[in-house]
Amino acid sequence: MYRRLRSLARFDALVLTALLWFLAKFVRYAFPPLFGTFQAEYGVSNAVVGTAYTALMLVYAVMQFPSGALADRVGAVTVITAGAVVTAVGALALVPSVPFALVVVAMLLVGLGTGVHKTVAVRLLSQVYPAQTGRALGALDTLGAFGGVAAPAAVVALSTGAYTDWHAVFLLGGGVGVALAGAFALRVPKRVPDSRNVAADRGAGVREYAALFRRPRFFVFVLVTVCFSFAYNGVVSFLPLYLEQSAGLSTVTANSIYSVLFVVSLVQLVTGEASDRVGKLPIVGFTLGLASLALVSLVAVGEATVPVLGIIVVALGLGSHGFRPVRGAYLVSVIPDSVAGGGLGAVRTLLMVAGALAPAAVGILSDVADFRVAFSVLAVSMAAAAALTGALVFVGDDADSRAAA
């Protein structure tokens with residue numbers, strides 16, 4: 001028994017990294033279910049709340065490259081810990097009643113703090129668990145996705161409580177964030193063989209990062225991730241309101257279905273393992289194809305029954321979540337070690353910028369036209385990602401992977 005516990009103890013770095021990712025997702029996805037509350041409490045429109053969320057996501061996006069480069073120099077543990085602290089500060093700033101301008105400032109702090117985590121975490125876990133990178137990333141993304149499950153449930157539970165309101169959601173998130181940051185800073189340095197990326201000491205420059213994007217297959221895969229990110233972030237930002245206004249569901253029912261989108265994230269453990277066995281691009285093509293079909297169906301059915309809408313959202317979640325760990329594993333495999341930190345950060349910056357634009361685009365289109373038009377644009381973007389992946393699979397062997405090796 002003692003030996004078994006010692007063997008499990010080596011996964012403490014994975015558990016703490018994944019719990020911090022759970023916290024990041026929890027705080028970020030606590031905002032979309034509150035859009036209606038913000039509109040009622042502050043008198044703002046869809047465009048305003050969508051643009052505020054886009055600002056959060058833009059800050060999140062622009063932190064990808066600098067966080068990766070900084071982690072190469074000062075260590076991943078330092079960067080991730082600092083990000084968790086900033087996230088907690090942003091959440092705790094929303095505990096008292098504040099003007100909407102300060103709500104936006106707190107959202108920007110959340111974007112800043114959570115923006116340093118994923119890029120650095122992917123690299124950290126690939127170093128701590130080099131023989132199990134696919135599984136580690138699957139576990140990271142799975143536990144993180146459950147932050148999206150917990151967030152709307154917490155909003156509903158705490159907002160309708162006899163002695164609490166929506167501010168309590170951020171008290172919970174901020175308090176847990178402080179505790180996790182401390183535990184991470186104490187435990188994880190013992191598991192990192194070398195907290196610095198020696199490749200960075202060779203002085204990787206802008207030209208080396210730019211050279212990545214001159215590889216045709218790599219560039220096409222970046223386009224795949226950009227199209228997916230735009231579609232997925234648009235969906236998760238406004239799905240509760242879409243289900244209310246376009247599908248005619250109640251707020252509680254809409255938020256319940258929204259939670260289902262994240263519950264199915266356990267599929268990431270399966271797709272991560274499958275990608276190691278049958279290849280990454282075939283799994284990417286299958287998952288994006290499923291997500292595209294589901295998103296098109298969501299627009300097409302309109303006011304359907306709750307079971308039908310639930311099935312569609314489940315399929316959308318399976319495809320979207322199934323894609324994410326495989327995306328990370330593919331990028332790690334094709335980016336050379338000499339530009340690993342900054343290269344992954346550069347790619348994530350592009351895909352997150354695209355994702356950050358989606359909430360504003362959906363908010364504006366829903367005000368100018370309606371939600372079905374806005375979600376139709378998202379469906380086209382998701383279908384483009386699937387089609388581009390199909391082209392990569394059709395071309396054949398991945399020369400980029402051989403170049404990275």
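Start with the largest nonpolar core, which has 123 residues. A nonpolar core here is a set of buried Ala, Val, Leu, Ile, Met, Phe, Trp, Tyr and Cys residues joined through side-chain atoms within 4.5 Å, and buried means under 20% relative accessible area with a 1.4 Å probe, protein chains only. This is a predicted model, where local features need pLDDT of at least 70 and side-chain atom pairs count only at pLDDT 80 or more, while totals for chains, interfaces and linings use all residues. Residues are numbered from 1 along each chain as its sequence is written, and side-chain values use heavy atoms, leaving out hydrogens and water.

Now select Phe31, Phe170, Leu239, Leu243, Leu295 and Phe375: they have the most contacts inside the core. Next, color helix H12 (residues 216-245), which gives the core its largest share, 16 residues. Helices are DSSP runs of H or I, at least four residues, numbered from the N terminus.

Go back to Phe31. Setting aside neighbours within four places in sequence, Phe31 is in contact with Phe38, Tyr53, Leu56, Leu94, Met107, Val110 and Phe170; contact means heavy atoms within 4.5 Å.

Next stop: Lys118, in helix H8 (residues 117-128). Is Lys118 buried or exposed? Lys118 is buried, at a relative accessible area of 4%. Show its side chain and that of Asp141, and you'll find a polar contact of 2.8 Å between them. That term means a pair of N or O atoms within 3.5 Å; within protein, one must be able to donate a hydrogen and the other to accept it, and residues adjacent in sequence count only if both atoms are side-chain atoms. Beyond neighbours within four places in sequence, Lys118 also touches residues including Trp21, Tyr60 and Arg348.

Methods
Helix = DSSP H or I, 4+ residues; strand = E, 2+ residues; numbered from the N terminus. Buried < 20%, exposed > 50% of the residue type's maximum accessible area, 1.4 Å probe, protein only.
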